[in-house]
Amino acid sequence: MKNRFCFLVATCCVASSDAFAEEHYPEAMPGISEAYYTSFDSDNPHATKEMLDHIRREKFDLVLPRVMREHDVDMWIHIIRPWAWSGNEARQLEGLDLNYQSIDSTDPMRYEFGSNAAVIVFTDRGGDRIERVVFEGEVEDEGAFDIVHGQSKFINQENYEIMDYTRDNPEDVPDTQLGYRFMGLQKFIADRDPRKIAVNYSEELTLAEGSETYTLSLTDGISFADHRQLTRELGYKLSRRMVSAEHMILDYLTRSVMAEIVVFGGSGKPKKTRSFEKVVPGVTTLATIGGSWFSTREADHDEEAFFNYPLQQGDMFQIGMDAYYVLHDGETGPPPEILRSWDEMIRVRKILAEHIVPGLTGEEALKLVVHELEEAGFAYIDRDKFDPSIDPTKTQVHLDLHQVGKGLLAPRISPMGASWHREKEIPLFLTLGVEYMIHMPVPEWGEGRHIYYCTLHPRAVVTPRGLEFAAPPVTGIQSIH
Amino acid sequence: MFRKKVFLAVFCLSFVVVEGSAQLPEPTISPALSSLIRGQKFDVILPQAMRDNDVDMWIQVMRGKNPLQFELGYHDGVYIFSDSGSDRVERAVFGAPGDREVYDSFGAESEIGQYVAERNPDRIALNYAADDSPFNTISATDRAKIIEALGSKYGGRVVSARKLSADFLAGRSMAEIALYGRLLMTSTQAIEREFAKIVPGETALNDIDGNVFVRDLAGNEENNTDYVVQPGDLIGILLDANAREFSEHNGGVGYVLKEGETELPPEIQRIWGHVLKTRDIFRRNIEAGRTGAESLEILVEKLQAAGYVYIDRDQFDSGADPEKTQVHIDFHAMGRIASQEEAPRISPTGWGRDLEIPLYHTFALEYMIHMPVPEWGERKYLYLCVHDGVMVTERGIEFPARPIQEIQIIR
């Protein structure tokens, strides 16, 4: 529940700010924040088309050969189907003089390859470099590819050319119009004679379910119809070499190059401080000031019930990642209990930062971190809900650290989600949302009363040195007078 | 639930930061970012730097301006770091206030002797250098005071902190890398703006911001002078971008079309081809863990194997094979102003040649190409300087921001 709520916050931030950001930064990529580089900084002026083009080329140079060889794949065919995009995103952004067109696709590689309709073929022909061919379709950055055939003239089948072609080439007409995209592909592939051909269809992974973007689930890959067309075009010998590219796609997506870390690091601008001059304790509700949830809670706290509940002196609450405390008369800062909860949050952060490294699976990292938390005196809870049966001297911690920035949640250090989220190995430079929740009991306030803080998605990068934040996480609790 | 969505949307709309134009904002370092970088340097760079230098205590006496102020703190005082062998280096400040987020303990300078004795370090680095160095910052008086405070037992264990300081500054955290990338983008955009200002026959080099230079075919250079840009010129611009103690500079190249030309002439295209070819050689053959000198040796070998002549100074060698293009390289550190010189360097010159290139080192891929053009006459050549910001990772060289893409055409 909490998780869904967090996603909702992120999604709303995106939906509201993308178009706005575009208006002020025409170069910034529309929609990029929906699937990329987390959701909280969609006005990042450094997320330019040029930067995305650069990232794509860096990944082709540095990541592509590695993932293909690790998966023992010497050809990767990635099909992004035309006709499949709704136009919703394009309509929202209409008139903003965009310089980036590959929007409105739910393909997980739409930004990676810069296209929303194409047949892209990568071939490992030896050497350091992978051959990159747009067999059919259009791409944003043609310079990133070695060969770009362009869009088939038969993609739009409402034209006279297709009539002429079928009349003149009755022997070479595909069984269905879906097959026009693949015409000639067999020869192209046979010339390269790959041993193993990875194609973007899913066999195990529920990529759509694992999407971070609450309103924009990514696809599980090509349709059954496209799979059949491709199989037919390749013929018996070559089609038998096809395997699912799903794990390779995940590996490709989750390995960041340094240019991605630059964008992930945000704008570098200081955050604007909120003003709460109009907050009147006992009158102003959390909803009025756009708050997210109360942090000072009873054992059986029900956030829904508190939505229109007036803020009181002594309440702590969050707006997104930021934490606020409403001072009592005479107080000049938060009391020791509130400050202690913040210290607990920092202690957990340090434990996570020290122990999460590349090479562990999400599950291994989870076990390790839970062990370290318990050694440090915390109580781990596998759901984000205060457990009144646990020793009240212990702060309870729930974990849901997951990949952010690429539209997918895996790898994930969490008891939640599909098992493959946890089974995935953490790669070098994974961009990780360090999401965890602490529930710190305050017995002196009464049985079951506790302080809750949810970190949401501070942006860390996984390095062999541990977690390193690319942008500053929240630094403290702000007081409201 | 719907009501909640509406509220969230309203909140989000109200929270969007408004900016005025598509130009990248001036890079800044917020207090939160500054604190983050400082903490990361202590957490992930300092332990390794101290161990690499076989130092278990580092005493840095700070009085006035000091190249390590951003990392350690701006107050005069004595900063002491102790490595007890755990993952974390203990951090203490004496005689000054300090950032309580990153320092563990505070005390008076009179307590230093006792503090050191309690930790019993084997090797104590102190901020002096035997040779001229920006890290030679301790005064004679302060040095005498520290040695006295340490007593004869520990005073004899003091060594120079010069290399440790250089290693500490050269190490990069992820937040620094993100900042470095933003700075690179800023200067790239500024260079593009400067090229856009050029009007052949009107614009002088000193009308253009940055380090602006043109060389004629005999190698005579005009550098930021009142020389007016002419058709056929190959112009280099180097420009920096800064945010407090952080800085980088990179470069662009433009060609002024001659009358009748509509695109780059073959010779200019040829020299650009050498830019790409040599970039590829550099990219494939630099890795962390080697010293600058070792790296240089490998690069020279690779360049020669690819048919280039390596020159150890940025001057055309008229005695070299006229068929071969000559390449000079100076891959110096970038990122922190203080460590531009005192850092690992892949170059024929500089103290940093003997330093090991650490992982995530940020530096300039600065190289100069002198390409003979025999058809234009004996000893006639084109000159071009490339200056891109890069870093080294486990995968080799990466470009945190877009490197030079082409020779800009100036009409």
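Visitor: Which residue in strand 4 of chain B does Val93(B) stand opposite?

Guide: The model is a predicted one. Strand 3 (residues 89-94) of chain B pairs with strand 4 (residues 105-107) of chain B. The pairing is in the parallel sense, over three bridges. Within strand 4 of chain B, the residue opposite Val93(B) is Phe106(B).

Visitor: In what sense do strand 2 and strand 3 of chain B pair, and over how many bridges?

Guide: One bridge links Val78(B) to its partner Phe94(B) in strand 3 of chain B. Strand 2 covers residues 77-83 and strand 3 covers residues 89-94 of chain B. Their pairing is antiparallel, over six bridges.

Visitor: Which residue takes a positive phi in the hairpin of strand 2 and strand 3 of chain B?

Guide: The hairpin has five residues between the strands. A positive phi near 100° is found there, and the residue that takes it is Gly85(B).

Visitor: How is chain B divided into domains, and what distance separates the domain centres?

Guide: Domain 1 of chain B spans 31-169 and domain 2 spans 172-410. Taken over C-alpha atoms, the centres of domain 1 and domain 2 of chain B are separated by 37 Å.

Visitor: Which element gives the most to the side of domain 1 of chain B that touches domain 2 of chain B?

Guide: In chain B, 15 residues of domain 1 are in contact with twelve residues of domain 2. On the domain 1 side, the elements that give two or more residues are helix 2 (31-52) and helix 6 (162-170) of chain B. By class, that side of domain 1 of chain B has eleven nonpolar, two polar and two charged residues. With seven residues, the element that gives the most is helix 2 of chain B.

Visitor: How many residues of helix 6 of chain B are buried, and what covers them?

Guide: The buried residues of helix 6 of chain B include the charged-class Arg162(B), Lys163(B) and Asp167(B). Leu164(B), Phe168(B) and Leu169(B) are also among them. In all, nine of the nine residues of helix 6 of chain B are buried. What covers them includes helix 2, strand 1 (57-62), strand 5 (124-126), strand 6 (158-160) and strand 13 (335-336) of chain B.

Visitor: Turning to chain A, how many residues of domain 1 are in contact with domain 2, and of which classes are they?

Guide: Chain A is divided into domain 1 (2-264) and domain 2 (293-480). The contact involves 28 residues of domain 1 and 30 residues of domain 2 of chain A. Helix 1 (2-24), helix 10 (246-254) and helix 11 (258-264) of chain A each supply at least two residues of the domain 1 side. By class, that side of domain 1 of chain A has 14 nonpolar, eight polar and six charged residues.

Visitor: Why do the buried residues of helix 14 of chain A line one face of the helix?

Guide: Helix 14 (residues 362-375) of chain A reaches 20 Å from its first C-alpha to its last, close to the 20 Å expected. Gly362(A), Ala365(A), Leu366(A), Val369(A) and Leu373(A) are buried in helix 14 of chain A. Residues three or four places apart in an α-helix point the same way, because there are 3.6 residues a turn. Down the axis of helix 14 of chain A, the buried residues line one face because they fall within an arc of 100°.

Visitor: Which strands of the five-stranded open sheet of chain A stand at the edges?

Guide: The sheet of chain A has mixed pairing and runs in the order 8-17-16-12-11. Each edge strand has a single partner, so one side of each is left without a neighbour in the sheet. The edge strands are strand 8 (296-297) and strand 11 of chain A.

Visitor: Are the two faces of strand 16 of chain A covered or uncovered?

Guide: In a regular strand the side chains alternate between the two faces of the sheet. On one side of strand 16 of chain A, Tyr436(A), Ile438(A) and Met440(A) are buried.

Visitor: Which residue of strand 17 of chain A is the bridge partner of His439(A)?

Guide: Strand 16 (residues 436-441) and strand 17 (residues 450-454) of chain A pair in the antiparallel sense over five bridges. Met440(A) has Ile451(A) as its bridge partner in strand 17 of chain A. For His439(A), the bridge partner in strand 17 of chain A is Tyr452(A).

Note on methods:
Residues numbered from 1 in each chain as written. Chains lettered and ligands numbered in written order. Predicted model: local features only at pLDDT ≥ 70, side-chain atom pairs only at ≥ 80, totals over all residues. Domains from an automatic or database assignment. Contact = placed C-beta atoms within 7 Å. Helix = DSSP H or I, 4+ residues; strand = E, 2+ residues; numbered from the N terminus. Expected span 1.5 Å × (residues − 1). Buried ≥ 20, exposed ≤ 12 C-beta atoms within 10 Å, placed from the backbone. Arc of directions from axis to C-beta. Pairing = 2+ DSSP bridges.
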